Amino acid sequence: MMEELAKVPWAVIAPLIVVQLILMIVALIDLRKIYATNGPKILWVFIIIFANLIGSIAYFIVGRRQS
């Protein structure tokens with residue numbers, strides 16, 4: 001197993017993981033601060049956490065209710 005991990009191109013994957021985590025944290029903070037969303041907030045929490053990158057992007061595109 002360690003040999004397989006040594007073959008992983010971490011220079012490419014690590015920045016993507018960092019961007020994903022930052023986007024998820026920003027989406028969760030925004031969800032907490034915003035008053036109204038398109039759908040229940042608890043549903044958006046699960047979508048953001050479990051759908052990772054796609055969930056965070058979907059929240060910013062679909063989930064936020066425009067004034």
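Me: Helices here are DSSP runs of H or I with at least four residues, strands are E runs of at least two, and both are numbered from the N terminus; in which helix does Ile17 lie?
Reply: This is a predicted model, in which local features need pLDDT of at least 70 and side-chain atom pairs count only at pLDDT 80 or more, while totals for chains, interfaces and linings use all residues. Residues are numbered from 1 along each chain as its sequence is written, and side-chain values use heavy atoms, without hydrogens and water. On this basis, Ile17 lies in helix α2.

Me: Is Ile17 buried, partly exposed or exposed?
Reply: Relative accessible area decides the class, with buried under 20%, exposed over 50% and partly exposed in between (1.4 Å probe, protein chains only). Because the value for Ile17 is 38%, this residue is partly exposed.

Me: How far apart are the end C-alpha atoms of α2?
Reply: The expected span of a helix is 1.5 Å times one less than its number of residues, so the 24 residues of α2 should span 34 Å. The model agrees with this expectation, since the end C-alpha atoms of α2 are separated by 34 Å.

Me: Which residues of α2 are buried?
Reply: The cover over these residues includes α3 (41-50) and α4 (52-63). The buried residues of α2 are Met24, Ala27, Asp30 and Leu31.

Notes. Contact = heavy atoms within 4.5 Å.
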